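Subject: Structure for your review

Dear colleague,

I am passing on the structure below, followed by a summary of what was found in it. Please read the summary with the coordinates open, since it moves from helix packing to the sheet and then to the arrangement of chains.

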Amino acid sequence: MFEKHNPEIGSRPGTLAIPPDSPFPKITVVRYDEQSVERIEIQTPSELKALHDDGRTTWVDVQGLGDEATLRAIGDAFGLHPLALENAVNVPQRAKTESYEKHQLIIARTPRIDDEGNMRTPQVCFILGEHYLLTFQERYFGFFDPIRERINAGLGAIRLRGPGYLAYALMDAMIDRYYPIVQGLSDALEELEEIVLENPHPDVLDRIRELRRKLVALRRVAWPQREALNAMLREQTTFFDEQERVYLRDTYDHIAQIAELIDSSRDMASDLAEAYLSNVSHRTNEIMKVLTLMASTFIPLTFVAGIYGMNFEYMPELRSRNGYFVVWGVMISVALGMAYYFKRRGWIGTSPPPDFESKRTEDPNQ
Amino acid sequence: MFEKHNPEIGSRPGTLAIPPDSPFPKITVVRYDEQSVERIEIQTPSELKALHDDGRTTWVDVQGLGDEATLRAIGDAFGLHPLALENAVNVPQRAKTESYEKHQLIIARTPRIDDEGNMRTPQVCFILGEHYLLTFQERYFGFFDPIRERINAGLGAIRLRGPGYLAYALMDAMIDRYYPIVQGLSDALEELEEIVLENPHPDVLDRIRELRRKLVALRRVAWPQREALNAMLREQTTFFDEQERVYLRDTYDHIAQIAELIDSSRDMASDLAEAYLSNVSHRTNEIMKVLTLMASTFIPLTFVAGIYGMNFEYMPELRSRNGYFVVWGVMISVALGMAYYFKRRGWIGTSPPPDFESKRTEDPNQ
Amino acid sequence: MFEKHNPEIGSRPGTLAIPPDSPFPKITVVRYDEQSVERIEIQTPSELKALHDDGRTTWVDVQGLGDEATLRAIGDAFGLHPLALENAVNVPQRAKTESYEKHQLIIARTPRIDDEGNMRTPQVCFILGEHYLLTFQERYFGFFDPIRERINAGLGAIRLRGPGYLAYALMDAMIDRYYPIVQGLSDALEELEEIVLENPHPDVLDRIRELRRKLVALRRVAWPQREALNAMLREQTTFFDEQERVYLRDTYDHIAQIAELIDSSRDMASDLAEAYLSNVSHRTNEIMKVLTLMASTFIPLTFVAGIYGMNFEYMPELRSRNGYFVVWGVMISVALGMAYYFKRRGWIGTSPPPDFESKRTEDPNQ
Amino acid sequence: MFEKHNPEIGSRPGTLAIPPDSPFPKITVVRYDEQSVERIEIQTPSELKALHDDGRTTWVDVQGLGDEATLRAIGDAFGLHPLALENAVNVPQRAKTESYEKHQLIIARTPRIDDEGNMRTPQVCFILGEHYLLTFQERYFGFFDPIRERINAGLGAIRLRGPGYLAYALMDAMIDRYYPIVQGLSDALEELEEIVLENPHPDVLDRIRELRRKLVALRRVAWPQREALNAMLREQTTFFDEQERVYLRDTYDHIAQIAELIDSSRDMASDLAEAYLSNVSHRTNEIMKVLTLMASTFIPLTFVAGIYGMNFEYMPELRSRNGYFVVWGVMISVALGMAYYFKRRGWIGTSPPPDFESKRTEDPNQ
Amino acid sequence: MFEKHNPEIGSRPGTLAIPPDSPFPKITVVRYDEQSVERIEIQTPSELKALHDDGRTTWVDVQGLGDEATLRAIGDAFGLHPLALENAVNVPQRAKTESYEKHQLIIARTPRIDDEGNMRTPQVCFILGEHYLLTFQERYFGFFDPIRERINAGLGAIRLRGPGYLAYALMDAMIDRYYPIVQGLSDALEELEEIVLENPHPDVLDRIRELRRKLVALRRVAWPQREALNAMLREQTTFFDEQERVYLRDTYDHIAQIAELIDSSRDMASDLAEAYLSNVSHRTNEIMKVLTLMASTFIPLTFVAGIYGMNFEYMPELRSRNGYFVVWGVMISVALGMAYYFKRRGWIGTSPPPDFESKRTEDPNQ
């Protein structure tokens with residue numbers, strides 16, 4: 001989960017630990033104000049310097065972290081604190097927020113199913129300044145396309161407001177991605193509920209464990225996200241104004257609800273695992289019980305047969321004409337007696353299910 | 001539990017995610033002051049504009065969320081923050097409270113047994129302004145009828161006070177609904193206490209699990225409710241005055257007590273499940289023990305019989321006239337010896353229950 | 001545990017939910033100052049009005065809640081907040097404290113063994129005003145008799161101080177009642193410690209569970225009591241002065257210590273249950289092991305006997321004169337061989353208990 | 001653990017609950033300043049009055065609480081609050097600190113192995129005033145002898161400072177006593193680590209439980225001690241000055257470290273118990289498996305022998321000259337076939353232990 | 001883990017408890033400012049006095065604590081508080097920070113694999129003054145070599161800043177050492193994931209336990225480290241300025257992430273242990289089930305054979321010419337009947353694994 005590529009021990013702060021398989025940075029700039037939108041594909045980072053600080057909101061989206069020179073040039077263009085740049089490149093990290101003098105750093109992560117069907121939680125780093133927002137993504141993801149379209153279309157408040165609102169909108173889009181994935185895991189658990197009772201195949205337990213593992217992985221990502229949003233709401237920074245804070249609080253509610261849904265699904269997974277194990281153990285007990293009872297019934301009978309298989313010369317019963325039939329009678333009596341005894345102690349046959357009086361199906365409040 | 005219908009990812013804040021099966025809104029307005037009560041059924045939302053802000057307390061109850069235009073019209077009439085309206089429509093959410101500039105949003109949930117006997121926890125959204133209270137319900141529920149009658153009858157303080165007191169009264173009525181449902185679950189658990197010891201049928205465990213699942217579901221609703229009430233008591237808003245806060249504190253005590261009752265019932269469910277499992281395991285052990293002992297007694301006897309069933313030509317015992325009877329004697333001795341040994345080691349028969357001296361039934365304080 | 005009798009859903013705040021089996025109120029007033037004590041049995045609540053506010057400390061003890069008119073009359077006489085009166089009557093509630101403008105409400109509960117030997121936790125409601133203290137008890141209990149005697153005798157500081165000190169003294173007496181009951185449960189657990197190892201009868205587990213259930217019930221009462229006392233120490237009310245706060249802190253220490261004793265006893269109960277189960281499982285294992293070994297020894301022997309019980313016409317061994325004895329020899333060798341093998345693998349006989357060098361019995365600090 | 005001797009229920013605050021077996025008080029006074037030390041054995045408590053308040057630091061050490069008159073006389077001599085005296089005598093209590101107007105009360109407890117080898121946690125009560133320190137011990141313990149020697153020798157800062165520093169030194173000596181006892185328990189657990197794997201004797205589990213019980217008992221004493229020290233550091237009392245607070249913080253670190261060591265030892269005890277149980281269960285499984293396999297091999301063989309032990313007149317095989325040998329052949333084939341099947345399914349013989357590649361034994365940081 | 005060497009009980013504060021096997025101190029001083037670096041090997045501690053307080057940053061690295069006189073001389077040279085020196089020498093301690101008037105004490109620990117492959121967590125004590133930094137190491141470790149090289153090379157900010165930044169750089173290097181070790185443990189656990197399912201050898205469980213034990217040991221070191229860093233960030237000391245605090249916050253994030261990685265690995269270890277146990281129990285169940293079924297099939301057959309092995313003179317079946325073949329027929333019918341019954345109840349053969357519809361491998365967000 002956390003395959004980190006750390007800088008060497010004892011290296012200077014600000015050393016960039018670039019993930020080895022990250023592609024070359026692709027830099028897209030979107031600048032807008034109420035009237036206009038402009039989209040620029042940056043070829044050489046030196047072009048960035050000119051973009052800084054001209055009144056309009058400038059969003060620089062960096063996809064791919066594979067070239068240190070480019071990254072350092074971006075850092076220089078916007079005057080980033082060396083630790084901010086180190087954080088932006090360092091993958092993966094827990095969601096957090098960090099305030100520097102001239103900008104605020106936010107790390108957010110969102111779940112994603114990759115092409116092999118594995119769940120990943122790629123990270124986006126936001127660096128939010130007075131007039132600009134930088135976003136750093138490890139790879140070429142399409143998370144932000146809907147927002148880009150909203151900017152182009154000029155719908156809603158997004159063009160009327162600054163980079164704080166933009167950062168909110170992007171984070172909100174990232175957090176909305178949790179719902180369908182958590183819901184999918186929850187649905188998969190519900191599907192298992194029936195199977196657990198009908199077919200206690202070992203695969204079912206593996207499947208429950210796999211789903212729980214995914215939920216736990218999501219939880220590890222969602223909770224720091226929640227904490228980071230809470231910290232952004234509490235801290236009095238200049239990068240989000242009061243109105244944007246109202247929107248952030250809404251995003252906070254979303255992630256809080258997702259965290260809760262994850263927790264309730266995880267409880268459900270534990271309940272299912274428990275039900276599975278108790279079902280398996282009940283079946284094993286049933287087998288052992290029935291077979292032990294059968295064995296126990298035959299053991300004394302076989303003993304009786306053994307007795308009259310002995311070759312003593314003088315065994316009076318053997319000569320009796322009815323001996324054989326009497327022995328059969330004795331054996332059947334013993335078998336019936338034992339069956340009766342087992343029955344009476346409740347060892348054979350299942351007792352009828354109890355009747356639960358209070359299985360009420362009406363609302364007591366009516 | 002949380003079948004959410006979320007807006008599309010990346011959509012603008014304020015997008016309404018209307019639950020697909022929610023009926024068309026039915027809008028009922030009650031306006032009152034100390035002297036008079038007026039009840040109006042709104043047909044077109046444009047009528048609402050006129051109602052706003054005329055000194056009397058205006059309660060607008062919206063049942064059903066099935067039409068976006070109507071909802072937006074309500075939002076316009078009362079100048080609601082777009083996020084407030086989004087929250088009002090978004091079903092289900094955890095109980096919470098949120099302060100906007102001109103109104104306070106409160107989400108509350110209450111348990112309900114639907115027609116199929118399933119427990120649901122429908123949500124009501126309160127939007128509380130200076131002179132008005134809006135309530136949004138997903139469906140046509142009758143939760144608020146007793147309060148409506150109290151307003152009509154003019155009993156108690158309800159007509160003397162503003163929308164804050166009304167919001168308190170409605171929330172209190174919602175929280176009172178928990179008691180009989182939690183009590184019903186608790187009674188059902190108590191009923192199981194006897195059954196667990198007498199009839200360890202697998203259904204009993206399923207029943208315990210079902211009750212525990214319901215308790216857990218209630219707990220997930222009751223705890224955020226408790227937190228939300230606590231937040232309303234702590235925050236210094238203008239929508240509840242000092243006297244109404246005293247009443248809210250009382251409601252807080254109710255939900256706190258319900259939460260405690262849920263927790264103690266859940267503990268009881270766990271205890272019952274444990275007692276059930278230990279009872280089942282005790283029974284299985286008893287079966288295995290008795291039968292193993294029986295088998296063990298016959299095994300050496302059958303061996304002896306096997307010995308004298310051998311066909312060797314020269315086996316001196318076989319010729320002896322008393323051989324057969326001696327063998328019977330040996331077998332009976334072996335059986336008795338083993339029974340004695342089992343008895344002495346405490347493997348046969350249950351020891352008498354111990355006598356607990358200190359089973360005191362008197363109050364040591366007398 | 002919480003058989004509550006709630007007012008109807010949606011009823012007005014201040015509605016009294018009188019416990020259905022509560023007897024008719026018996027009202028006893030004690031008024032005192034440094035010089036004199038007066039005891040009055042109130043027949044009609046209207047007499048109370050005259051008693052209010054004449055400088056002396058007035059203690060009104062109401063036993064039984066069975067008449068709404070009487071309770072309302074008391075509320076009127078002392079100008080109680082409607083919620084305060086509702087709280088006083090509402091049985092049972094968790095221990096808490098609540099400040100109203102002119103009085104402070106305190107709910108306290110104390111354990112009691114009733115005539116059938118069941119543990120109950122009846123509740124007393126204190127309403128503490130400037131010059132008076134009201135106490136409401138569900139039934140005719142004798143909890144407060146020692147304090148009444150101290151007032152009559154004029155011992156200690158009780159007559160020199162106001163209703164705050166009286167409330168402290170009464171609560172302290174209620175909390176002192178926990179000690180012997182918790183101690184009794186703790187003693188009962190200690191008595192079980194021996195029995196668990198000697199006689200693993202199922203009743204022992206039931207007994208442990210019963211004791212633990214009682215401890216859990218006490219815990220549920222003691223912890224809110226502790227919190228309520230803590231809240232009273234923290235809040236800056238006018239009803240307890242600095243000196244009385246010192247006494248309350250002492251009471252807080254008592255309940256904290258009781259809570260701790262309950263917790264340690266509960267841990268002990270869990271340890272005992274675990275020891276019981278491990279003892280039972282050890283015994284079952286012993287039985288199964290011994291018997292399985294015995295069965296395993298006889299199985300090959302019986303097979304050998306079976307071989308020579310076959311009726312083939314040509315079986316050379318059968319003709320041999322020593323065949324029979326050789327077979328006996330083989331059987332005895334096999335049995336000894338297996339016994340030796342079982343012994344060597346440590347399956348027969350228990351290994352000697354290990355010697356724990358460091359079982360030190362001296363204080364290392366000497 | 002907590003054999004308390006409480007005053008009667010409802011008795012006045014300040015009632016002394018003297019432990020019944022506590023010896024007669026032996027009072028030793030040490031008075032010192034930078035220049036001189038004086039040691040006085042007090043015979044009658046009236047002598048104490050004269051000692052109070054003459055500028056020098058006065059340490060009154062009371063060993064034994066067995067005489068109420070003496071204790072009251074001490075209380076009078078130093079003007080103690082009645083609750084302070086009650087607390088000093090009340091044994092046992094949790095460690096705590098309590099500030100009165102003119103003195104501060106501190107309860108501390110330290111572990112001690114008594115003459116029968118049982119671990120006890122006797123309590124010392126400190127009452128710290130402007131110029132004096134009172135210490136109350138239940139019995140004649142030697143805890144404080146090293147400090148007395150330091151005062152006599154005049155080493156270090158002890159003679160230069162007042163009763164606050166003396167109280168610190170005494171508490172520090174009490175807390176230092178935890179180390180060797182906790183270390184002893186930890187060593188005993190480490191010794192068990194080997195035994196658990198080699199000799200799964202039931203005594204081992206009992207021993208683990210006994211050690212864990214002791215650790216839990218120590219934890220219950222150490223944690224309140226830690227809290228009490230923390231409270232002393234936080235509160236702004238006049239009895240410890242800033243410099244003494246630095247020393248107290250050091251003592252706080254010691255008890256925090258002890259608490260941590262106790263917790264890690266307790267975890268180790270749980271790990272050992274788990275390892276023990278898994279070892280026992282592995283052994284039992286081994287026995288059952290081997291024996292079940294053996295039984296299963298012989299069951300079909302015995303059946304074959306049974307077939308040819310039947311006495312039908314017409315059984316063609318019996319007449320065949322090679323029948324007997326063919327049957328032997330069949331039996332051996334069946335036995336080998338089953339052995340092969342068991343082997344192939346991995347039921348016989350233990351698979352070789354897996355090879356853990358990454359069992360690295362080098363520091364990856366080199 | 002905590003083999004402490006404490007001073008005698010009751011000894012004066014400031015007594016040095018020198019670890020018995022710690023080597024003689026080797027003192028290396030590095031002094032630097034922006035222009036120059038100087039490295040001095042101190043032979044006699046008296047040389048230190050001259051070094052103190054000349055404007056440049058002075059780093060005194062003490063490796064080995066084996067001589068009290070030397071340590072005391074260092075303490076005198078820098079005017080250390082006696083408790084600070086005691087803390088520096090006291091090994092091991094939990095990570096913490098402590099502010100004295102003229103210097104701040106920091107205890108940090110870092111994991112290390114020693115030559116025998118055991119994980120250790122040696123401790124470094126930092127004493128940070130206005131112009132100097134003292135570091136005390138128990139042994140001759142090479143932890144700080146990379147920093148020493150950075151000072152020599154003059155790379156980055158290290159030469160431009162004071163001892164606060166130096167302390168940060170050293171601590172950061174210590175905390176970076178956690179990553180590869182925790183990663184190594186995490187990799188080892190991942191390697192086990194396959195083995196657990198394929199080869200349930202008892203060694204696997206031991207290996208899991210060993211890895212978990214190491215993770216727990218690391219956790220016990222990492223968490224106090226995290227707390228200590230947090231305390232350093234919160235406290236307003238003069239030894240770290242605002243800019244250095246930004247760096248410290250980065251280090252705090254590292255240790256927080258390490259703590260999280262440890263926790264997730266520990267959860268993984270628990271999951272693996274659970275999977276191992278469930279795998280073993282599944283295998284045992286399989287063996288028992290197959291063999292019990294086999295035994296049960298042969299038991300009635302053997303009984304039938306026993307019947308016709310009886311030697312009664314008059315047994316009509318024995319005379320029948322087809323008796324033998326009829327008996328074979330009966331036996332085969334019984335065996336098939338039982339096999340059919342076992343099959344129908346699902347006791348023989350494993351049911352096919354269920355098909356999980358929702359095993360989705362696509363991102364629902366596309």
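**Helix packing between and within chains**

Helix α8 (residues 242–307) of chain D and helix α8 (residues 242–307) of chain E have axes that come within 9 Å of each other and cross at roughly 25°. Please bear in mind throughout that this is a predicted model. Because angles under 35 degrees count as roughly parallel, α8(D) and α8(E) are therefore roughly parallel to each other, and α8(D) passes α8(E) in a left-handed crossing. On the side of α8(D), the residues that make this contact include D:Asn285, D:Lys289, D:Thr292, D:Ile299, D:Phe303 and D:Ile307, while α8(E) contributes, among them, E:Thr284, E:Met288, E:Leu291, E:Phe298 and E:Ala305. Sorted by class, the contact of α8(D) with α8(E) has 13 nonpolar, eight polar and one charged residues.

Within chain D, the axes of helix α7 (residues 202–234) and α8(D) come within 8 Å and cross at roughly 155°, and α7(D) and α8(D) are therefore roughly antiparallel to each other. This crossing of α7(D) past α8(D) is left-handed, and its contact residues divide into 23 nonpolar, four polar and six charged.

In chain C, helix α7 (residues 202–234) and helix α8 (residues 242–307) pack at an angle of about 155°, with their axes 8 Å apart, which makes α7(C) roughly antiparallel to α8(C). Here α7(C) passes α8(C) in a left-handed crossing, and the contact of α7(C) with α8(C) has 23 nonpolar, four polar and six charged residues.

**The sheet of chain D**

Chain D holds an open sheet of seven strands with mixed pairing, in the order β2-β1-β3-β9-β8-β5-β4. At its edges stand β2 (37–42) and β4 (96–99) of chain D, each of which has a single partner strand, so one side of each is left without a neighbour in the sheet. Neighbouring strands of this sheet are turned by 15° against each other on average, with direction ignored.

Strand β8 (residues 123–128) and strand β9 (residues 132–137) of chain D pair in the antiparallel sense over five bridges, and D:Leu128 stands opposite D:Leu133 in β9(D). Helix α7(D), already described in its packing against α8(D), also lies across β4 and β5 (104–109) of chain D, where it runs at about 30° to β4(D).

**How chain C meets chain D**

Between these two chains, 54 residues of chain C are in contact with 54 residues of chain D. On the side of chain C that touches chain D, α4 (145–153), α5 (163–176) and α8 of chain C each supply at least two residues, and the largest share, 24 residues, comes from α8(C). By class, that side of chain C has 23 nonpolar, 17 polar and 14 charged residues.

As for how the two copies are related, a rotation of 72° with 0.0 Å of shift along its axis superposes chain C on chain D, with an RMSD of 0.1 Å, and the two copies are thus related as by a five-fold rotation axis. In chain C, the C-alpha nearest that axis belongs to C:Gly309, at 4.5 Å from it. The copies use different surfaces in their contact, in that 11% of the contact residues of chain C recur in chain D.

With best wishes

Note on methods
Residues are numbered from 1 along each chain as its sequence is written. Chains are lettered from A and ligands numbered from 1 in the order in which they are written. This is a predicted model: local features need pLDDT of at least 70, side-chain atom pairs count only at pLDDT 80 or more; totals for chains, interfaces and linings use all residues. Axes are lines fitted to C-alpha atoms, for helices over the stretch in contact, and angles run from 0 to 180 degrees between N-to-C directions. Helices (H or I, at least four residues) and strands (E, at least two) are DSSP runs, numbered from the N terminus. Angles under 35 degrees count as roughly parallel, over 145 as roughly antiparallel, 65 to 115 as roughly perpendicular and the rest as oblique. A crossing is left-handed if the near helix is turned anticlockwise from the far one by less than a right angle, and right-handed if clockwise. Two residues are in contact if their C-beta atoms, placed from the backbone, lie within 7 Å. Ala, Val, Leu, Ile, Met, Phe, Trp, Tyr, Cys and Pro count as nonpolar, Asp, Glu, Lys and Arg as charged, and the others, Gly among them, as polar. Two strands pair if DSSP finds at least two bridges between them. Copies are superposed by least squares on the C-alpha atoms of residues with pLDDT of at least 70 in both.
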